[in-house]
Amino acid sequence: MTAAWRAARVRPAEALLEASAEPLRLGPARWALGLAAVGGGVALIITVPVGGALAGPAALCLAIGAALLSPVVLGLLAAALSWPLRAGPGAAGLLASTAVATHRRRAGAVAAPIVLIVALAGTQAIADASTRASIQHVTAQRVRAPYVLVANAGQGLPAATTRTTGQLPGVRAAAGLLPTTVFLLDPGLDNFGSPWDAAGLDPAAVPGTLDLGLQAGSLPSLTGSTIAISSTLAGHAHIRVGAILNARLADLTPARLRVGAIYQRALGLGDIVLPLPLAEAHAAVILGSAVFISGPPAIGAVLARFARSVPSAAVLTRARYLQAVRAAAQASQWPVWLLIGLITAFAALALLNTALMATAGRQPELALVRLIGATRRQARRIIAWEALVTTLAGLAVGALVARTAVQAPPGQPGWHIAVPGLLSAGILAAAALLGLAGALVPARLALHTRPAAPSGRGE
């Protein structure tokens, strides 16, 4: 009797609202997981000073957090963006704005894959462009030589190349670089288990060819086991000139290295510079990557003839060398882009699946709109306005995540954020097209159903 009396007191409109309205609150578990994902992304951005290296995982955490909290983050944003529709495009805009505000879970579910696509692809685009621009900027500051002898792709320069180049007529100085690695063993210098990039260099050949941006110490002191380290490495562990570092060289030989100098321009070079004899004695492969040559313009022809005698060498001007550095940095990013493409494909499938399910679930709503006199074109216009504001919400949050995830690492001179305009616009346009198509195509198919059919289904 009591239950029947309570049920009888509920007004018909209230009963319909309770049956059709979405839950207004998120569960505690979803709140906890969403906030944990957002907190993890923020922690990666703040506490790991590695520039764009962990920008992808940070963006993924933030995108997952936005998806878990989508009714609040994306649903409320879409509802706010839909508010101008109430005064603008007539009845279709009013109905679309009301639907978005009422069904925040549905709007959030459709916008979440868009956030994932824009966040991951945008983060990679910004991190890639920033890395390339920073390396080229620092390399342009470091390289002073008018000519550079470089190794062809997949090859290296023989150890004697630097000495032979320095003896050519007109050559004032020739500074050869020998790529190598160094494992630092002291606490706080393990580099997450990876070796530090290093280079062997003859300090006597540096004047006129390279400017490392010396901050402390002197390059002529690089003899024996005395090395130079970058200001980033020095600042990370509070290392000063004269400090002793326990290390293993590239061939795993233990060594005690003394810091004789600290330099700033490490991007594209490495965080450790070894005396050339020490690097040659312990490098895994004794093949140089480049020789920086100073001298008058007339040495260009001499170097060209010399390069023809060394099959693995090519002579570049300083400008062409800087272009090659940028191209090499871009080519090294293709495996990451492949992974981003696979994730984007799965997100696109999730978006289409969500849009299909949402459209299938609202067939009675569309049928009711048709029964009260709306044409198919007017019903499609309602769906189009909803899709527009939902897509805009996803694009806005995704772009915010992408820009937030990439931060310039502190204490690394020359590293700066670069946003590629054309590529970013292409990512946004592709995500917008996918979001609009995912909503409009299923709606167009659903509106081919007779308006009376959905209302009678299930009776």
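**Close-up 1. Salt bridge between R106 and E386 in the predicted model.** The side chains of R106 and E386 meet in a salt bridge (a side-chain nitrogen of Lys or Arg within 4 Å of a carboxyl oxygen of Asp or Glu), with an N to O distance of 3.6 Å. Because R106 belongs to helix α7 (residues 104-142) and E386 to helix α15 (residues 376-405), the pair ties together parts that are 280 residues apart in sequence. R106 is buried at 17% relative accessibility, and E386 is buried at 7%, where buried means under 20% relative accessible area, exposed over 50% and partly exposed in between, with a 1.4 Å probe and protein chains only. This is a predicted model, in which local features need pLDDT of at least 70 and side-chain atom pairs count only at pLDDT 80 or more, whereas totals for chains, interfaces and linings use all residues. Residues are numbered from 1 along each chain as its sequence is written, and side-chain values use heavy atoms, with hydrogens and water left out.

**Close-up 2. Salt bridge between R132 and D128 within helix α7**. The N to O distance of this pair is 3.0 Å, and the two residues lie four residues apart, about one turn of the helix. R132 is buried at 11% relative accessibility, as is D128 at 6%.

**Close-up 3. Salt bridge between D211 and R265**. The closest N and O atoms are 3.0 Å apart, and the pair links the loop between β3 (196-201) and β4 (214-217), which holds D211, to the loop between β7 (254-263) and β8 (272-275), which holds R265, 54 residues apart. D211 is partly exposed at 31% relative accessibility, whereas R265 is buried at 18%.
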